[in-house]
Structure formats: C-alpha cells, structure tokens
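I opened a new page in my notebook for this protein. The plan is to go through it piece by piece and jot down what I find.

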Amino acid sequence: MTVITHLARPFPGQKPGTSGLRKKVQVFQQPGYAETFIQSVFDAIGVEAGSTLVIGGDGRFHNRTVIQQAIRIAAANGYGRVLVGQGGIVSTPAASHVIRKYRASGGLILSASHNPGGPEGDFGIKYNIANGGPAPEAVTEAIYARTQVINRWLAEDSADIDLDAIDVSQVGAMTVEVIDSVADYAALMESVFDFAAIRRAVDAGMTMAFDAMSAVTGPYAVEILERRLGFAPGTVRNGEPLEDFGGHHPDPNLVHAHQLHALMMGPDAPDFGAASDGDGDRNLIIGRGRFVTPSDSLAVLAANAHLAPGYAAGIKGIARSMPTSAAADRVAEALGVPCFETPTGWKFFGTLLDAGKATICGEESAGTGSDHVREKDGLWAVLLWLNVLSVRGQSVDAIVREHWSRFGRNYYARHDYEAIDSAAANALIAEVTAALPALPGRRIGALVVAAADSFSYTDPVDGSTSANQGLRVMFEGGSRVVFRLSGTGTEGATLRVYLEAYEPAGGALDRETGDALSALVAAAEAIAGIVRHTGRAAPDVVT
Ligand code: G6P
Ligand code: ZN
C-alpha cells in the first residue's frame with residue numbers, strides 16, 4: 001500500500017453551482033483538475049476512516065477516467081469501501097438509493113445531467129451526503145473554500161480496476177465492489193408502485209414509448225418497463241448508453257425530445273410517452289395528444305399519489321422550487337397539507353424530506369420525486385404516472401383536464417436566453433432588482449403588479465438562509481413572471497424567464513399556451529428590457 005502525495009495548486013473557479021461542479025470536458029482533462037476537486041471534497045467533509053463511498057456516473061465521455069482517479073484518491077484518504085456501478089454507470093436517483101441502502105457516508109456522482117457529452121461536451125462532479133441527497137450549501141461552500149487553497153492531493157499508487165465485471169477487488173487497504181445498481185433500483189420501484197396493476201393494464205393493451213436519449217436510463221427502463229411490466233420489446237428507444245449520447249442533447253424537453261413529441265401528437269401515438277435525461281433524474285411526460293408541463297405533472301401526481309401503494313397513507317406535504325408554477329399549491333390546500341416554496345436546486349428539498357415535512361417534490365425544470373430517495377427521479381415519475389393511469393383507467397388527457405376543471409389551470413412556459421454575455425445578464429438583473437420597489441401598483445397592459453421581490457428562503461428545518469434566488473413579479477389574479485440566472489450553464493450566462501398565467505376553474509382552460517401567455521411575455525419585456533440587454537429578439541429555448 002503506497003500513498004503518493006501529488007503537489008498541486010488551486011484551479012480558479014471550482015465553485016459548485018446549482019448541481020455540483022460543471023465544466024467543459026477539456027477543463028476536467030487538465031492534469032490535476034478533477035483530482036484537486038475530489039481531494040477538496042474529501043478535505044472539506046473530513047473522511048471518517050473506514051467509511052463507504054459510492055461512485056458512479058451517467059456514462060458520458062471521461063466518466064471512466066475520473067472514476068479510476070476517484071477510486072485511487074478515496075483509497076488514499078481512508079475510505080474502507082467504495083461501491084461503484086457496473087461500467088461506471090449509476091443513474092443519479094439510483095446512486096441516491098445505493099448511498100441510503102448501503103449506509104454509505106456519501107457519494108460522488110459524475111454527470112453534467114442534461115448537458116451534451118463527448119470530448120467537446122460537458123462533464124461534472126457532484127458530492128451527495130449520507131441521506132443520499134446533494135450536499136447542502138454549507139458543504140458546497142466549504143468545498144469551494146478548500147479548492148482555493150489546496151496544495152496537494154493524495155492517491156493510492158495502484159492500477160485501474162475492472163469496472164465491467166461484478167466483482168470485489170482491493171485498492172490499497174480499501175475494498176472496491178462493482179455492483180449492479182439496476183437490480184437495487186428496480187426492487188425499490190417495485191416496493192413503491194403497484195406493478196401488478198400496471199401489468200394488468202399492459203395486458204389489457206396499454207402501450208407506451210420511453211426515450212432514454214442514449215443516456216443512463218436505458219438499462220433501468222428495459223429491466224423495469226419491458227422485463228418486469230411486460231411492455232413490448234422496443235418500448236424503450238435509444239436504450240443503449242453512449243458516451244456522447246449519440247451526439248444529441250440528453251435533455252427531455254420538447255426541443256430535444258422532438259421525435260417523441262411528434263410521435264405522441266401523431267396518428268400512431270401510444271397511450272403514454274416519456275423520456276429522461278443524461279443522468280436519469282429528469283422526466284418528460286406526454287400523453288397521446290397531450291404534453292404535461294412539469295409543474296402540472298407535479299400537481300397531478302401529488303393529487304393522485306395515494307393510488308400508489310407507497311403513498312396510500314397520504315402525503316405529508318409538497319415542496320416545489322420557487323419558479324415552478326403554483327398548481328401544486330392548490331393541491332396541497334385541497335389535501336390540507338403544507339406546500340413549501342424553495343430556491344431552485346434539489347438540494348433544498350433534502351431537509352424537508354428528512355424531517356418528514358414533504359413527501360413529494362418537484363421543479364419546473366422537469367424534476368419530480370419523493371422521499372423514496374433524495375434526488376429527483378425520472379423513472380419514478382414515469383412509474384407513478386403509469387400507476388395512476390392503470391388504476392384510474394383514463395387517458396393522460398382526461399386526467400389532466402379533470403385536474404384543471406377542479407383546480408384551475410396555470411398556463412406555463414420558460415423562456416431561456418442561452419450563452420449570453422455575463423456582464424449583460426448581470427446588468428439586467430441589477431436593473432430589475434433596483435426597479436422592484438416601484439413595481440407594485442404598476443399597470444402593464446391588462447396586468448396590474450400586486451407584489452415584487454427578490455426571493456429569499458429560510459429553511460424551516462435548519463434555519464439556513466439563501467438570498468437572491470430570483471426576481472418575482474406577481475400580478476393580481478395569480479399570474480407571475482420570474483427572472484433568474486441559471487446556475488448550471490458552462491458558457492456565459494443563461495437568463496431564464498418563467499411565465500405563468502392562472503386561469504381559475506370555470507374559465508378558459510383550453511387555450512393555446514402561447515396565446516395565454518402573450519400578455520405576460522410583453523410584461524416581462526416591459527419590466528426587464530430583455531431585447532436591449534441581451535441583443536436577442538427571441539428566446540433560444542422555450543420549454
Ligand atoms: C439541475 C438541478 C435542478 C435545477 C435545474 C435547473 O437539474 O438539479 O434542481 O432545477 O438544474 O437549474 P438552473 O440553475 O440551470 O435553472
Ligand atoms: Zn439530470
């Protein structure tokens with residue numbers, strides 16, 4: 001057993017964002033870059049000798065290299081055992097489950113989620129804590145502080161291990177177990193959902209299409225949907241994980257999953273369509289002829305969760321990120337449970353889930369999940385939908401319409417202006433921030449501003465506060481515009497403009513989303529001068 005101390009210098013900018021450290025692959029390929037970051041994680045958390053670490057990634061280019069580096073560094077830092085997914089692949093929700101199931105002290109998840117992969121694409125490293133969830137801000141801040149002063153990293157002097165065989169090996173004094181995370185995850189899903197009811201519906205003719213986008217969920221989806229639930233072979237499309245996701249952008253939205261969308265809107269649509277992202281935590285839900293926005297999906301799932309065995313006793317509360325529509329709030333009110341509004345980022349749900357204050361969580365960015373793990377979970381959302389469809393025996397469209405007729409409809413869209421100049425983005429935010437106090441009472445077209453603020457959150461469990469989490473402009477009647485800069489981009493800045501128009505039950509519930517939001521688009525421009533600041537006449541992506 002030989003530990004080598006490699007002298008190092010800090011790399012600037014190793015600051016974890018919304019979801020870990022995310023940079024171009026070339027940045028991670030710099031000698032010592034990944035190593036110093038991983039060492040900074042271990043220094044910041046203080047590794048307990050002999051503890052267990054989970055390591056896995058979404059299979060993107062550079063995954064195997066960093067896994068081997070991480071194993072050697074973990075061994076040199078005193079871990080007793082590393083659990084690594086076969087082929088280096090573990091979906092993010094499965095990693096969360098493995099951390100919890102095997103009582104690991106934490107995990108390193110190597111992913112840039114829905115960002116493109118390949119040598120020209122993105123890579124990322126995220127540390128999750130013992131509850132299975134992303135490290136809270138106090139931990140990510142400590143990691144960042146450490147990256148700024150680090151002067152060495154430690155590594156066991158050992159050869160690469162075989163990541164492909166389910167086996168146990170030794171790296172210095174540390175044991176490395178290559179595990180089949182698909183089996184563990186599938187068993188968890190079977191314990192939460194009524195697989196028998198879904199199988200009956202499949203036998204009776206229910207059909208679906210699942211697009212794994214050549215990313216991590218392929219093996220999980222084939223095992224669960226085709227092998228265990230009996231959907232026809234071929235139900236899972238693009239099911240083989242590829243290092244570059246086949247050159248596609250593994251983001252399950254209407255732009256990047258356009259083939260699935262076209263199928264679901266066409267004459268040959270199956271009953272149900274779904275997709276997941278690079279690391280398996282996001283979901284896209286489309287019924288035959290009916291796209292369900294992530295915000296609506298959260299609300300519908302929360303309202304129907306009791307139909308799944310894992311939630312039959314009812315849910316304790318709902319949590320949503322601030323930019324997510326208020327559709328879920330109305331469900332919480334009807335159920336008589338609290339609804340928490342948190343900053344963007346799954347890490348903010350962790351304390352609420354641990355404390356039993358919330359059972360179901362969701363974000364407008366296509367994330368939905370529950371207290372079964374501490375990450376959002378793409379296949380979980382798909383299976384809960386399938387469970388609900390099977391028990392209710394109705395179409396997605398019918399279920400969604402019935403929901404709106406009871407709660408009203410939150411027309412919703414997010415407009416993204418990608419890779420804009422950071423200085424221009426900051427100027428826009430600064431200007432709107434300065435204008436906030438004068439906005440209440442202002443009339444913009446037919447809209448009247450009711451309130452405006454910069455969102456600040458105090459965690460009701462641990463009391464920690466996070467300020468400057470997005471600018472909210474609320475209008476009379478329940479409509480809203482939110483301005484926020486993304487914390488996950490790797491190029492310049494991305495401005496997100498979240499638009500939400502509320503139509504109460506009994507009102508016009510069947511409008512085109514674009515029409516329903518046009519007054520809010522105009523209001524957003526009037527308030528923020530988006531064209532002037534960004535030089536863009538239109539958003540790059542509308543989701
Ligand atoms: C990741 C995080 C989510 C977050 C999303 C968008 O998927 O896990 O919690 O909502 O990114 O974040 P952004 O900062 O880019 O808006
Ligand atoms: Zn993801």
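Entry: I'm working with a predicted model here. I started with an open sheet of five strands, and I read their order as β11-β10-β12-β13-β14, with mixed pairing. The edge places go to β11 (236–237) and β14 (290–292); each has a single partner strand, so one side of each has no neighbour in the sheet. A reminder to myself from class: strands in a sheet pair through backbone hydrogen bonds, and they do so either parallel or antiparallel.

**Entry: β12.** Next I looked up the strand β12 (272–276). Is it buried or exposed? Five of its five residues are buried, so the rest of the structure largely encloses β12. I checked which way the residues point: F272, A274 and S276 go one way, G273 and A275 go the other, and all are buried.

Then I went through the partners of β12. With β10 it runs parallel, and four bridges join the two. One pair I noted is A209 with its bridge partner G273 in β12. With β13 the sense is antiparallel, and here I found five bridges. F272 sits opposite G287 of β13. β12 and β13 also make a hairpin with six residues between them. In that turn, G280 has a positive phi of about 85 degrees.

Entry: I followed β13 (residues 283–287) over to β14 and found antiparallel pairing over three bridges. I285 has V292 in β14 as its bridge partner.

**Entry: helices across the sheet.** Which strands does α9 lie across? This helix (residues 258–265) lies across β10 (208–211), β12, β13 and β14, and its angle to β12 is about 175 degrees. I found another helix, α14 (residues 396–407), lying across β12, β13 and β14. The angle between α14 and β14 is about 60 degrees.

**Entry: β9 and its partners.** β4 (residues 81–89) runs parallel to β9, with five bridges joining them. In that pairing, V84 has V178 of β9 as its bridge partner. β8 (residues 168–171) pairs with β9 in the antiparallel sense, over four bridges. There I noted V168, whose bridge partner in β9 is E177. β8 and β9 form a hairpin too, with two residues between them, and G172 in the turn has a positive phi of about 60 degrees.

**Entry: domains.** I zoomed out and wrote down the division: domain 1 is 3–179, domain 2 is 184–407 and domain 3 is 409–542. The centres of domain 1 and domain 2, taken over C-alpha atoms, are 28 Å apart. How many residues of domain 1 are in contact with domain 2? I got 30, and they meet 31 residues of domain 2. Helix α4 (residues 92–101) gives the largest share of the domain 1 side, eight residues. I sorted the residues on that side into ten nonpolar, 16 polar and four charged.

**Entry: ligand 1.** Last stop. There are 14 residues around ligand 1, and T18, S365, S486, G487 and T488 come nearest.

How values were computed. Residues are numbered from 1 along each chain as its sequence is written. Chains are lettered from A and ligands numbered from 1 in the order in which they are written. This is a predicted model: local features need pLDDT of at least 70, side-chain atom pairs count only at pLDDT 80 or more; totals for chains, interfaces and linings use all residues. Two strands pair if DSSP finds at least two bridges between them. Two residues are in contact if their C-beta atoms, placed from the backbone, lie within 7 Å. Axes are lines fitted to C-alpha atoms, for helices over the stretch in contact, and angles run from 0 to 180 degrees between N-to-C directions. A residue is near a molecule or strand if its C-beta atom, placed from the backbone, lies within 6 Å of it. Domain bounds come from an automatic or database domain assignment. Ala, Val, Leu, Ile, Met, Phe, Trp, Tyr, Cys and Pro count as nonpolar, Asp, Glu, Lys and Arg as charged, and the others, Gly among them, as polar. A residue is buried if 20 or more other C-beta atoms lie within 10 Å of its own, exposed if 12 or fewer, and partly exposed in between; C-beta atoms are placed from the backbone.
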